[in-house]
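Keep the picture open beside you as you read, and try each question before reading on.

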Amino acid sequence: MTNTEYWDKRNQTIFNSVGHWQGGVDVTIENKSLMTELMGQVTYMQLHILNATGQLVAKNIADWIEVCFMGLSYPDSRIWCNQVAAYAGDTKTSVVAAAASAILAADSRGYGGSHARKMSMAAQLLAFEQYQQGMPLDEIIRQAKFKNGKPIIVGFARPIDRDDERLKPFAEIQQKLEIEQGQYLKFAFLLSDYLKQHFNLSINCGGYASAFLLDQGFSPDDGYKINSFSVVSGAIACFRDQQAQSPNSFLPMKCQDIDYTGPQPREL
Amino acid sequence: MSPDKPAQHKQDFVYAGKTQTNILLEIPSEQNPYISHKNYLQGYDLNQLVEKKSFTDTLLLLFLGELPTPAHSQLLERLMIALINLGPRHPAVKASMTAGVSKTNTEHLLPIGLNVLGGEQNGALEVAAAVNFIQQHWQACPVQTADEILNQAQSVELAGENHIIAGFGNQYGAVDDLCQALASSVFNPFIQQQSDSILAWVLRFSQQLNSANFGLLKTGLAAAVFCQLGIAARESVGLFQLVCAPGIFAHGVEQTHKPITAMPMLKDEQHIYQPK
């Protein structure tokens, strides 16, 4: 007979280490009362970070992360996740389906600030540790994958051809909020200078945000959780824009707008 | 940038002017370039496929680019029946049912279940990892490979379910008996024709694991079939979700016809808060 004690203990029982709802009384979140210690005392972003990581950060840290969210979600339907939301508008899904689809679309190793944030933080963490141990920057960079002669380092290139407009406000607001530049951010700028000099690449807002989160003591996995829905706002805007329009009106394509590269018509 | 280098254009990404596909050719109507007059799937007229081929034939054509042999088509069909309903205790199905009974919009029930089915444990990402494992090992001796994995696993004490390698392990602490029986039904006609197949290797490998209370899991069952069919790891993710989709939706939509009280809501004492 199999020993099923592990599962028997959990049969019809939930063991939870994050919080508890006492119906009609209160809600406990990480040992804090939602009604008396959190509501009205902390911002929504502080509460979200508490739920996502178990850490109640200071308001200025949460405020900066909120600013970062503003830089991760624009109401422009060309951006991949927003395009998905606009397609959802085209077929008139519910707004929630559009929002959820956009969040899923941005769960990408290429862009988006959720999965990409985890990857970027992990890469910076490793590079920083190697640098601390005495590895020179050129050797650190050499370990990356290269494409077209340039290293692929998430957070140090942006897949469009313009400067990153978010870097300036990110830095200015950090200063205004009196948040010191920590060791990871200093290292990220060092890395950026090296990449700019040798590969014409430089830090983008994702690289900045990743270093910022590392400086606050967050792990890459924390960063993934904090940023899990960061693209939702602009996506909802793009859904809203398309929702009222007729079917098949968002980026309609002629048959010949698709370049068919498969086998030519053949007999069955 | 160093001063001795000329200024470079900043555009490092060059986007295509047109989307490309190998899969579907749409011939436009002469009256309206947005209307497709005739579709060719991997080169075959879709109308002819409708008239002459089965769903599984066409599904394999879609992913592999060529029509399958009857044996391959039968193999996929058997897998699709075996996994048509993972059952109301699988997390993906439970998710869809929980949504159904709580009056979630009906169109979300399947995506909700499929999202949960996307995971690394008992989900589509485990199938992909199992495809990679089988592809890398199936030409080695199955008994020796299993013994090596069991030896490595002995040093790791894990609470709860243990998948010692993607697609293989125990379920609730025991061999998944149903899965072993389903594997026989799915694999046997194929193995009878091709005894040195990937499927035969997977069966032998699983049998060797049985001695240590491990065996084939449903994710491994799917992975074995996908490997035999030549389906790659990334493609196996969505195909597993597709194969399991009917049961997810059936159970989810069934609950929508019932009151919200038709499934248990745990009492306060059944939700034990243990802060770290």
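How many bridges join strand β3 (residues 36-41) of chain B to β4(B)? Two bridges join them, and the two strands run antiparallel. Two strands count as paired if DSSP finds at least two bridges between them. Strands (E, at least two residues) and helices (H or I, at least four residues) are DSSP runs, numbered from the N terminus.

Before going further, here are some ground rules. This is a predicted model, in which local features need pLDDT of at least 70, side-chain atom pairs count only at pLDDT 80 or more, and totals for chains, interfaces and linings use all residues. Residues are numbered from 1 along each chain as its sequence is written, while chains are lettered from A and ligands numbered from 1 in the order in which they are written.

**Sheets in both chains**

Strands of a sheet pair through backbone hydrogen bonds, either parallel or antiparallel. In chain B, three strands make an open antiparallel sheet in the order β2-β3-β4. Its edge strands, β2 (24-28) and β4 (44-45) of chain B, each pair on one side only. If you look for Leu41(B), you will find that it stands opposite Tyr44(B) in β4(B).

Chain A also has an open sheet of three strands in the order β2-β3-β4, with antiparallel pairing. Here the edges are β2 and β4 (32-33) of chain A, each pairing on one side only. Four bridges hold the antiparallel pair of β2(A) and strand β3 (residues 26-29) of chain A. Within this pair, Gly19(A) has Ile29(A) of β3(A) as its bridge partner.

**Where the chains meet**

One pair of strands crosses from chain to chain: β7(A) and strand β1 (residues 19-21) of chain B run parallel and are joined by three bridges. In β1(B), Thr21(B) is the bridge partner of Tyr260(A).

The contact between the chains takes 42 residues from chain A and 44 residues from chain B. Two residues are in contact if their C-beta atoms, placed from the backbone, lie within 7 Å. Among the elements that give two or more residues to the side of chain A that touches chain B are α1 (5-10), α10 (183-199) and β7 (258-260) of chain A. That side has 15 nonpolar, 19 polar and eight charged residues. In this count, Ala, Val, Leu, Ile, Met, Phe, Trp, Tyr, Cys and Pro are nonpolar, Asp, Glu, Lys and Arg are charged, and the others, Gly among them, are polar.

**Chain A and the domains**

Chain A has 13 helices and seven strands, and its C-alpha trace spans about 65 × 55 × 50 Å along its principal axes. Of its 268 residues, 36% count as buried. A residue is buried if 20 or more other C-beta atoms lie within 10 Å of its own, exposed if 12 or fewer, and partly exposed in between, with C-beta atoms placed from the backbone.

Both chains are divided into domains, with bounds that come from an automatic or database domain assignment.

| Chain | Domain 1 | Domain 2 | Distance between C-alpha centres |
|---|---|---|---|
| Chain A | 74-107 + 228-247 | 110-227 | 28 Å |
| Chain B | 9-52 | 80-256 | 34 Å |

In chain A, the contact between the domains takes seven residues from domain 1 and eight residues from domain 2. The domain 1 side of this contact divides into four nonpolar, two polar and one charged.

**Inside chain B**

Is Leu221(B) buried or exposed? Leu221(B) is buried because 26 other C-beta atoms lie within 10 Å. This residue lies in helix α10 (residues 218-229) of chain B. Leaving aside neighbours within four places in sequence, its contacts include Ala82(B), Cys179(B) and Val186(B). Leu221(B) and Ala130(B) are 91 residues apart along the chain, yet their C-alpha atoms are separated by 9.2 Å.

Gln135(B), in helix α6 (residues 124-137) of chain B, counts as partly exposed because it has 15 C-beta neighbours inside 10 Å.

Finally, a nonpolar core is a set of buried Ala, Val, Leu, Ile, Met, Phe, Trp, Tyr and Cys residues joined through C-beta atoms within 7 Å. The largest one has 65 residues, of which Leu79(B), Ala222(B) and Val225(B) touch the most other members. Not counting residues up to four places away in sequence, Val225(B) touches Leu75(B), Leu76(B), Leu79(B) and Val186(B). A second, separate core of 61 residues includes Ile79(A) and Tyr208(A).
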